[in-house]
Amino acid sequence: MLPLYLTTGEPAGIGIDITLALAALPFGQRIDRPLVVLADPALMLRRARKLGLDVNLIDYMGQEIPAPIGSLYIRPVPLRVSVVDGQLNPLNAPYVLEQLSVAADACLHGRAAGVVTAPVQKSVINEAGIAFSGHTEYFQERAGVAKVVMMLATRTLRVALATTHLPLRAVPDAITPALLTQILTILIHDLRTKFAIAQPKILVCGLNPHAGEGGYLGREEIEVIEPVLAEFRAQGIDVGHALPADTLFTPRLLKDADAVLAMYHDQGLPVLKALGFGEAVNITLGLPFIRTSVDHGTALDLAGTGRAEAGSLVVAVQLANELANAHL
Ligand SMILES: NC(=O)C1=CN([C@@H]2O[C@H](COP(=O)(O)OP(=O)(O)OC[C@H]3O[C@@H](n4cnc5c(N)ncnc54)[C@H](O)[C@@H]3O)[C@@H](O)[C@H]2O)C=CC1
Ligand SMILES: NCC(=O)COP(=O)(O)O
């Protein structure tokens, strides 16, 4: 069976800690294919010692079955400089990016079924002089696709984003009819193919307070968003009208929705995290391979303390495995 690759991300953060926690998962919570960790083995072993964990690292040589309990498969990626837990060092930015390129290329060349990512510190990669906004954009470019969609999901709520890592000032200009058409097309396609929802019901947030209040609080809803939604409705897609975000994110409206489309990062994700932080998963839609991720960041304050929760990573690995099995 093809493996899933797991990138451990920022070496000074909790990516290593939550990855080590996977080794102890009981059989009931384990996936049915190999999981291959991309990391520096010495860093993994040092952090395991600090956390009092006994983890056996096995070099991945194409094994077809999961590693035994207490073990992890590893594909070594060498640190560029040694790590002080919790302290960022731009000299290790190439180490972080090598994990991403190895994982993406394994997926693109049919050597991996998908990639699960632990968090990276976007700022320190930029400090190293390498322009980087996020995994989502990185994998989009590496895969050579025109657009992907970031969607975070809990058991009861899926929130997709029209724009991702943009300064707020740039958001209104980025929301064009062409972008919204691309995003909705990918969202509908992947809800059908990845989540088996034949006729998805999608709620769409407006951009402005009160969805523009009839044009008195902004005209993007009238001039950009509504015309696109009308085109999708004309094709029989259940997208409704642009709703004020504070009205949309209420239980009565959410209970029948398959997904929400928010216009920008902090319009949609705070609600999702308030409802399910620690058990949500981030999925990149529109890629030619499976990519899931955790719902949290690098938590530098917790690296090596034993207080990092691995719940979101467990869900991210399990979802990637389910999606991979569905595409066998
Ligand atoms: N997928 C990714 O690569 C993501 C990366 N980030 C990056 O993470 C960095 C730090 O972001 P912050 O806003 O500080 O968010 P954060 O999620 O790292 O931390 C926020 C708070 O939640 C706690 N926390 C986070 N994960 C936890 C876990 N697994 N168990 C227990 N407590 C946890 C932290 O200790 C902190 O108090 C940023 O550079 C950001 O770019 C943020 C989100 C996703
Ligand atoms: N807040 C979630 C997030 O920003 C994830 O970004 P990415 O690194 O998965 O693109």
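**Figure 1. His 135 and ligand 1.** A polar side-chain atom of His 135 is placed 3.4 Å from an oxygen atom of ligand 1. The model shown here and in the other views is predicted.

**Figure 2. Backbone atoms of Val 120 and Glu 309 beside ligand 1.** A polar backbone atom of Val 120 lies 3.0 Å from an oxygen atom of the ligand. At Glu 309, a backbone N or O atom is 2.8 Å from a nitrogen atom of ligand 1. The protein buries 65% of the 820 Å² that ligand 1 exposes when taken alone.

**Figure 3. The shell of residues around ligand 1.** Ligand 1 is surrounded by 17 residues. The closest of these are Val 120, Gly 297, Ala 299, Asp 301 and Glu 309. By type, the shell is made up of seven nonpolar, six polar and four charged residues.

**Figure 4. Ala 303 and its contacts from elsewhere in the chain.** Ala 303 sits in the loop that runs between β12 (290-293) and α12 (311-326). Its relative accessibility is 8%, so Ala 303 counts as buried, the limit being under 20%. Leaving aside neighbours within four places in sequence, the residues in contact with Ala 303 are Ala 12, Gly 13, Ile 14, Asp 17, Arg 47, Asp 85 and Gly 86. One of them, Asp 85, is 218 residues away from Ala 303 along the chain, yet the C-alpha atoms of the two are separated by 5.8 Å.

**Figure 5. His 210 in the loop between β8 and α8.** The loop that holds His 210 lies between β8 (202-205) and α8 (220-234). His 210 is not a glycine, but has a positive phi of about 55 degrees. Most residues other than glycine have a negative phi. With a relative accessible area of 44%, His 210 is partly exposed, because this value falls between the limits of 20% and 50%.

**Figure 6. Ala 211 in the loop between β8 and α8.** Ala 211 is also placed in the loop between β8 and α8. The phi of Ala 211 is positive, at about 50 degrees, although this residue is not a glycine. Ala 211 has a relative accessible area of 14% and is therefore buried, whereas His 210 is partly exposed.

Conventions. Residues numbered from 1 in each chain as written. Chains lettered and ligands numbered in written order. Predicted model: local features only at pLDDT ≥ 70, side-chain atom pairs only at ≥ 80, totals over all residues. Heavy atoms only, no water. Helix = DSSP H or I, 4+ residues; strand = E, 2+ residues; numbered from the N terminus. Buried < 20%, exposed > 50% of the residue type's maximum accessible area, 1.4 Å probe, protein only. Contact = heavy atoms within 4.5 Å. Near = heavy atom within 4 Å. Polar contact = N/O pair within 3.5 Å; in protein donor to acceptor, adjacent residues only side chain to side chain. Areas by Shrake-Rupley, 256 points an atom, 1.4 Å probe, with all protein chains shown as cover. Nonpolar A, V, L, I, M, F, W, Y, C, P; charged D, E, K, R; others polar.
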